[in-house]
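Here are a few friendly notes to go with the model. Please have the viewer open as you read.

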Amino acid sequence: MSSSSRGRSNLVIVANRLPVRYSPNGDAGEWLTSPGGLVSALTAVLRECEGLWIGWAGTAGHEPPPKDYEGIPLRAVEINAEEYENFYLGFSNATLWPLYHDAIRYPEFHRQWWHAYEEVNRRYAAAAAEAAAEGAMVWVHDYQLQLVPGMLRALRPDLRIGFFLHIPFPATELFTQMPWRRQILEGILGADLIGFQVHSAALNFSRVARRLTSAQSHGMPLQLVYEGRSVQVGAFPISIDSARIVETAAEPAIRSRAKEIRAELGDPELVLLGVDRLDYTKGIRQRIKAVSELHADGYFVAGRDVMVQIAVPSRESDPHYDEARKELEQSVSEANGDQGLVGRPIIHYLHQNVDFDELVALYLAADIMLVTPFRDGMNLVAKEYVMSRTDLSGRLVLSEFAGAAIELRDAFLVNPHDLEHVKEAIRTAKEVSEKEARSRMARMRRRILRRTVYDWANSFLAALAAPHDETPDVVDNGYSGA
Ligand code: GDG
C-alpha cells in the first residue's frame, strides 16, 4: 500500500489521543512517544502502510504537537476547555466509562455532555474524511469516538471503516440506561468491522443492536446487516509486545535492579505487587484490604511479607479520580497504621509513573502479582507480568472480570467483590507447589506467545480489508423502531 498522490492516506488511525505526549521538562518541554504496546503496534503498521494518525494532543502542551513523529504524519484535533469538561471529563469519563464498567460508579447523564460528545465526534469524523484516500481503511478506536464510524460513513461512503472498543461492552440491562443508546449503536454500526476484546462483549453489542436498531442477523449473531450493508462483529483480544518484555527481562541490569528492589524492601520472604492506573475500576482498595486482613489474621507478618502498589497517575483533573485517590491513600495509611511496624510498612505505595525498565524490574521482583479489577476490557499488566517470568517463577492472582481471564485460565482466578475469595486466592497462590505454579506459568506464557500486539493489529486490519459478502439473507429480529 502507498499514499495516494493527493497526500491522502490509505490507512488512517483515529484515536482520542495522538501517539505522543508532551513532557514539560523545565522550560524546554518535549514531545515523547506515549508508552505502551498499542502505540508501538499501531505505529508499526502505519509506517508500513504510509498511514497517518488523527487524535488530540492532550492538555499538557503549550506548543502545537509535531506534524510528523518518527515518520508518521500526525493530525491534531483541537478540543477547547469547555469541550474538555463536557466531552472528555463528562460524557467520556463520567457517563461512558462507569456505565461500560458495570456501573461501579453511578454514570451521570447530562444533555450538555452529550451535545459536546456529538460535536467533538463530528470533528474527528471530518478530519478522517479529509485525510483518507479514496477507498482507504480507517480504524477508529474506543469509547470516546463511538459516533465517528456513522458520521464518517455519511461523509465518505467509499471508505472501509473499522471500530475497536478497548473497554467492556455492557449487558443489555445496563447499556439501555443510556438516554442516547440508539444514536450510539447507530454510530458504531457505521463501521464495516466492529471489534471487541472478548466474545461476550461482541454478543452483548449484537444483541442490543438488533433490539434497538434496524440491524438484523442472518442466523449468525456476529454477522449483521445494517442499512443494506454487511457489518462484521467479532472478538480481537489485544496483547502485548512479548519479545520486548522477554528481552528486557533478560537484561542483567534489569535482573540486578529486581534484586536491588527486594533488598530495598528489606529482603522479605514474599513480595506482592499491584500496578494499575489509579482508577476506581481496578479494585486497588479491596486488594489492599485483603492483604491487610491477612496480616491481621496473623497469616502475613510485617517485614516478612510486603506489598508494593504502584498507582500510576491518571485523569488527574477529574474530581472522581481525585476522590478515588484520597480513598485509596486512606486505605493504605490505615493498613500501615494498623498492621505495620516502625521501618516495616506492610504496603509500599507509590503514586508515580515508572519507566518501562523499572516496571519490568518490579515484575521480576514480585512473587505474587495481584490484578483484581472489578471489570477490565483486557488488562495488559497481567499479560506483561506473565511474559516477564522467563524462568517460570511467579504467581498471578487475576480477577475473573478482566478480559485477560479468558486466556489466562491458569491464573488464580478471583471474584474481586468477594474479599474472602481474594484472601483465599492469595493464600493458595503462596502455598501451591513449585511444580504446579511453574506449569501454570508455562501454560499462560504459551497462550500469550501465540498472539502479540502486532498480530492483533494485523489480524484486525486483515479482517477489515477482506471482501465482505453481498447483502445476505436476513432473519427478522422483531425490530419495532424502539
Ligand atoms: C485500557 C483498558 C485494555 C502503566 N503504568 C505505567 C505503564 N503502564 C502500562 C502498562 C500497560 C498499560 O500501561 C496499561 O494497560 P491496561 O490494559 O493494564 O489498562 P488501561 O490503561 O485501563 O487500558 C484495558 C487496554 O486499554 C488495551 O486495550 O487492556 O482493559 O482499560 O501496558 O504496562 N507503563 C510505563 N510506566 C508506567 O508507569 N512505562
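How do the residues of the lining of the largest cavity divide into nonpolar, polar and charged?

1. They divide into four nonpolar, two polar and one charged; here Ala, Val, Leu, Ile, Met, Phe, Trp, Tyr, Cys and Pro count as nonpolar, Asp, Glu, Lys and Arg as charged, and the others, Gly among them, as polar. The lining consists of Asn93, Ala94, Pro98, Arg105, Tyr106, Tyr280 and His320. Helix H2 (residues 81–100) gives the largest share, three residues.

2. A word on provenance: this is a predicted model, where local features need pLDDT of at least 70, side-chain atom pairs count only at pLDDT 80 or more, and totals for chains, interfaces and linings use all residues. Numbering runs from 1 along each chain as its sequence is written, and side-chain values use heavy atoms, leaving out hydrogens and water.

3. Next, the nonpolar cores (sets of buried Ala, Val, Leu, Ile, Met, Phe, Trp, Tyr and Cys residues joined through side-chain atoms within 4.5 Å; buried means under 20% relative accessible area, with a 1.4 Å probe and protein chains only). The largest has 102 residues, and Tyr124, Phe169, Ile184, Ile194 and Phe205 have the most contacts inside it. At least three residues of this core come from each of domain 1 (9–238 + 453–475) and domain 2 (242–448), with bounds from an automatic or database domain assignment. A second, separate core of 70 residues includes Ala15, Val45, Val360 and Leu408.

4. Finally, tyrosine 22 sits in strand E2 (residues 20–23), a DSSP run of at least two residues. Tyrosine 22 is buried, at a relative accessible area of 10%.

Note on methods. Helices (H or I, at least four residues) and strands (E, at least two) are DSSP runs, numbered from the N terminus. Buried means under 20% relative accessible area, exposed over 50%, partly exposed in between (1.4 Å probe, protein chains only). On a 1 Å grid over the protein atoms alone, a cavity is a set of points where a 1.4 Å probe fits but cannot get out, and a pocket is an open set with protein on both sides within 12 Å along at least five of seven lines; lining residues have an atom within 4 Å of a point.
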